[in-house]
Amino acid sequence: MKLKLLGLASAFMLLLGGCSLLEEANDILSYVNGVSNYVDKATTFAQEAPQKAQQALQDEQAVEDLKSELENMKKEIQAFDKLEVPGIASDLHTQIEEKNAQLQDKIDLYLQHIENGTLGEEVLKNEELVQPIQDIMSIYEQIKELGR
């Protein structure tokens, strides 16, 4: 009787362990999908922002469009930073958060120049928005490996 009970308990523990592994795999997959969505939005932003910034130097409507894009990207950064991170990805997520902080600082600087009316060629040349996003994309490549 004890032997049957021990066997049943062992089988139950294996079943629970398997569920835990499945849940962890789903968490990782969900996280990778969340990062993928964020990187897609950040990549689109990186492709469009330089041109919009150049247009903003000549056109008042383009200034408003740029301001809107910058504010939307800040919201995306904040949403990303709230993602639930599986333990296996915590170091990589922290690296992205650091790059997000750099990007957010640059966005804030752009917004400050827009508010002050001082957005010019010098700002565009010295405060490139693309570099932190390229760094994020590099980290994302490492995160994709976790999902495989």
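This is a predicted model: local features need pLDDT of at least 70, side-chain atom pairs count only at pLDDT 80 or more; totals for chains, interfaces and linings use all residues.
Which residues form a negative surface patch? They are Asp59, Glu60, Glu64, Asp65 and Glu71.

Start with the overall fold. The protein chain holds five helices and zero strands. Along the sequence, the pattern reads α-α-α-α-α. The chain has 148 residues, and 32% of them count as buried. Its accessible surface comes to about 9,400 Å². Carbon and sulfur atoms own 53% of that surface.

Now look at how the chain meets itself.

Next, return to the patch and pick one member, Glu71. Glu71 sits in helix α2, which covers residues 60-81. Buried would require under 20%, and exposed over 50%.

Then move to helix α3, residues 90-116, and find Ile107 there. Ile107 has a relative accessible area of 0%, so it is buried. Which residues does Ile107 touch, leaving out those up to four places away in sequence? The list is Phe45, Leu70, Met73, Lys74, Ile77 and Leu129. Finally, compare Ile107 with Glu127. These two are 20 residues apart along the chain. Their C-alpha atoms are separated by 9.0 Å.

Technical notes:
Residues are numbered from 1 along each chain as its sequence is written. Side-chain values use heavy atoms; hydrogens and water are left out. Patches are made of residues with over 30% relative accessible area and no salt bridge: like charges are joined within 9 Å, nonpolar side chains (Val, Leu, Ile, Met, Phe, Trp, Tyr) within 5 Å. Accessible areas come from the Shrake-Rupley method with a 1.4 Å probe; for residues, only the protein chains shown count as cover. A salt bridge is a side-chain nitrogen of Lys or Arg within 4 Å of a carboxyl oxygen of Asp or Glu. Lys and Arg count as positive and Asp and Glu as negative; His and the chain ends are not counted. The place of a charge is taken as NZ of Lys, CZ of Arg, CG of Asp or CD of Glu. Helices (H or I, at least four residues) and strands (E, at least two) are DSSP runs, numbered from the N terminus. Buried means under 20% relative accessible area, exposed over 50%, partly exposed in between (1.4 Å probe, protein chains only). Contact means heavy atoms within 4.5 Å.
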